[in-house]
Amino acid sequence: MDNNLHLIIYVTKRCNFRCKYCGYSFVESSDMAQGIQDGIINFVRKNIGKYGSIISIGLEENLY
């Protein structure tokens, strides 16, 4: 087992890129609740010292 934190985060279902590599079909249009976003950030801040690196995917929506 590696010492990396792997995260898949979907902040919104409003993605319109339709990337060929993405296996998700977003039918509904909604955003992640602010409380969940804050919880993820707090978790990473609290635990960042436990991992050699943090690897995330699914944040392409930030380019929206």
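Guide: We will go from the overall fold to single residues.

Guide: Keep in mind that this is a predicted model. Its average pLDDT is 76, and 72% of the residues score at least 70.

Visitor: Which elements have the lowest and the highest mean pLDDT?

Guide: Confidence can be read element by element. Strand S2, residues 53–57, has the lowest mean among the elements, at 76. Helix H1, residues 34–47, has the highest, at 90.

Visitor: What pattern does the protein follow along the sequence?

Guide: Count the elements, then read their order. The protein has one helix and two strands, and the order is β-α-β.

Visitor: How many of the residues are buried, as a percentage?

Guide: Of the 64 residues, 17% are buried. The protein exposes about 5200 Å², and carbon and sulfur atoms supply 57% of that area.

Visitor: Which residues make up the largest nonpolar core?

Guide: There are five: Leu5, Leu7, Ile9, Met32 and Val44. Select Met32 and look past its sequence neighbours. Leaving out residues up to four places away, Met32 touches Ile9, Tyr10, Val11, Gln37 and Ile40.

Visitor: Is Thr12 buried or exposed?

Guide: The cut-off for buried is under 20% relative accessible area. Thr12 has 7% relative accessibility, so it counts as buried. Thr12 lies in the loop between strand S1 (4–8) and H1.

Visitor: Where is Asp2, and how does it count?

Guide: Asp2 is in the segment before S1.

Visitor: What joins the side chains of Asn47 and Lys50?

Guide: Start with the position of Asn47, which is in helix H1. Asn47 has a relative accessible area of 7% and is therefore buried. Its side chain and that of Lys50 are joined by a polar contact of 2.8 Å.

Technical notes
Residues are numbered from 1 along each chain as its sequence is written. This is a predicted model: local features need pLDDT of at least 70, side-chain atom pairs count only at pLDDT 80 or more; totals for chains, interfaces and linings use all residues. Side-chain values use heavy atoms; hydrogens and water are left out. Helices (H or I, at least four residues) and strands (E, at least two) are DSSP runs, numbered from the N terminus. Buried means under 20% relative accessible area, exposed over 50%, partly exposed in between (1.4 Å probe, protein chains only). Accessible areas come from the Shrake-Rupley method with a 1.4 Å probe; for residues, only the protein chains shown count as cover. A nonpolar core is a set of buried Ala, Val, Leu, Ile, Met, Phe, Trp, Tyr and Cys residues joined through side-chain atoms within 4.5 Å. Contact means heavy atoms within 4.5 Å. pLDDT is the predictor's confidence in each residue, from 0 to 100. A polar contact is a pair of N or O atoms within 3.5 Å; within protein, one must be able to donate a hydrogen and the other to accept it, and residues adjacent in sequence count only if both atoms are side-chain atoms.
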